[in-house]
Amino acid sequence: MKFTIDVLGIFLKVVVRINKTTFAPLVVSTLFILLTSLLAHCARRLVQKIIKEPFVRLLFEEAIAAAELCGCCFELIIVADNFGVATYAIFLFALTIWWSLNWGDATACPYTHIEDIIEGKGDIRKALLKTWAELGGGILVFKYVQMYWALEISDTHKDKAFEDCKADLQVPAIYGAVVEGIATCLCRLASKSLGDLNPRFATAIDSFIGTSLVVAGVLARHTVFVYRYEDNIANDLSVSIFCKFHLGKAFDYSGGYFNPVLATSLKAGCEGHTMMEHALVYWIGATAGSILSVYLYKMPAIQKFVSTTTEVNGDSIWAGKED
């Protein structure tokens, strides 16, 4: 407890001092994310030291991982809104690598437990308990974030602590569910393939793929392709065609969370959708995509590709291969 208080005290002194500099808001957000990760890391080590029963320890680790994920992503919203999606992508890429290296067996994602049930690696009771632990960590962490935002150390946090949130769902719920499901399926297929292929930089590659799926299309969300065609068929008849296509709209549909706990922590109860619509898009949609990935990955074509690639020796990134 004293260590946590000391860390928080030092953190506040640092952010108050750097707040006078030009890039203070971004530095404040960065330090908050670092503090959140540090506290989660310490909590994880404490749990590993104190709790000896493996499954109970895993439940606490799931709660901590979910709290760390959601706490950091609350601040990443601030980063994206004020410093652009490219900055957000860099932060998310680095954080995803950090989480992969530090979470151990925790996933902070409920549909991975359903995949385990389908593949015979887990049971329903344990899956439900893990999901409740993740939900608890993801929901409770908002109080911690709200306390920090209420300090309004940076202008980017002004009025954020108690403002009404708005849902990211911009289309009918069924369309949003399809977007979440397809993207989740692609993400899980990539992760499974990397797990079997075992490339030398698997963590970084997986992080890059996940980050790319989250921000896909967002960088071009305001880009408009304009096509104009004019022709004079005859002296007295003129044909003119003018078309506008908005690019980068796919992930404006649902927000692109691909994780039910993350979506619930950040957006459940927000204005713009009902709780039933939220459940359909972010729980049923994402889980259906995850389940689909299990069966797609077992298809002979994919298995043949994976097995063939692991046997090929080349001057590449594959682990355990000679250049």
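Helices here are DSSP runs of H or I with at least four residues, and strands are runs of E with at least two; both are numbered from the N terminus. The model is predicted: local features need pLDDT of at least 70, side-chain atom pairs count only at pLDDT 80 or more, and totals for chains, interfaces and linings use all residues. Residues are numbered from 1 along each chain as its sequence is written, and side-chain values use heavy atoms, with hydrogens and water left out.

**Helix α6**

Helix α6 covers residues 124–151. The expected span of a helix is 1.5 Å times one less than its number of residues. D123 caps the N-terminal end of α6. One of its side-chain oxygens sits 3.1 Å from the backbone nitrogen of R125. Just after the helix, E152 adopts a positive phi of about 50°.

**Nonpolar core**

A nonpolar core is a set of buried Ala, Val, Leu, Ile, Met, Phe, Trp, Tyr and Cys residues joined through side-chain atoms within 4.5 Å. The largest one has 39 residues. L76 and W99 have the most contacts inside this core. Six helices each supply at least two of its residues: α2 (24–50), α3 (54–83), α4 (85–102), α6, α9 (260–267) and α10 (275–297). The largest share, 11 residues, comes from α3.

What does W99 touch, leaving aside its neighbours within four places in sequence? W99 is in contact (heavy atoms within 4.5 Å) with E68, L69, C72, C73 and L92.

**Cysteines**

A disulfide is a pair of cysteine sulfur atoms within 2.5 Å. The whole structure holds 1 disulfide. C165 and C270 form it, with their sulfur atoms 1.9 Å apart. The link is left-handed, with -105° about the S-S bond. It joins distant parts of the chain, 105 residues apart. C165 lies in the loop between α6 and α7 (173–197), and C270 in the loop between α9 and α10.

Burial is set by relative accessible area, with a 1.4 Å probe and protein chains only: buried is under 20%, exposed is over 50%, and partly exposed is in between.

| Cysteine | Relative accessibility | Class |
|---|---|---|
| C165 | 31% | partly exposed |
| C270 | 2% | buried |
| C185 | 6% | buried |
| C187 | 16% | buried |

C187 is in no disulfide. Its nearest cysteine sulfur, that of C109, is 8.8 Å away.

How values were computed: A polar contact is a pair of N or O atoms within 3.5 Å; within protein, one must be able to donate a hydrogen and the other to accept it, and residues adjacent in sequence count only if both atoms are side-chain atoms.
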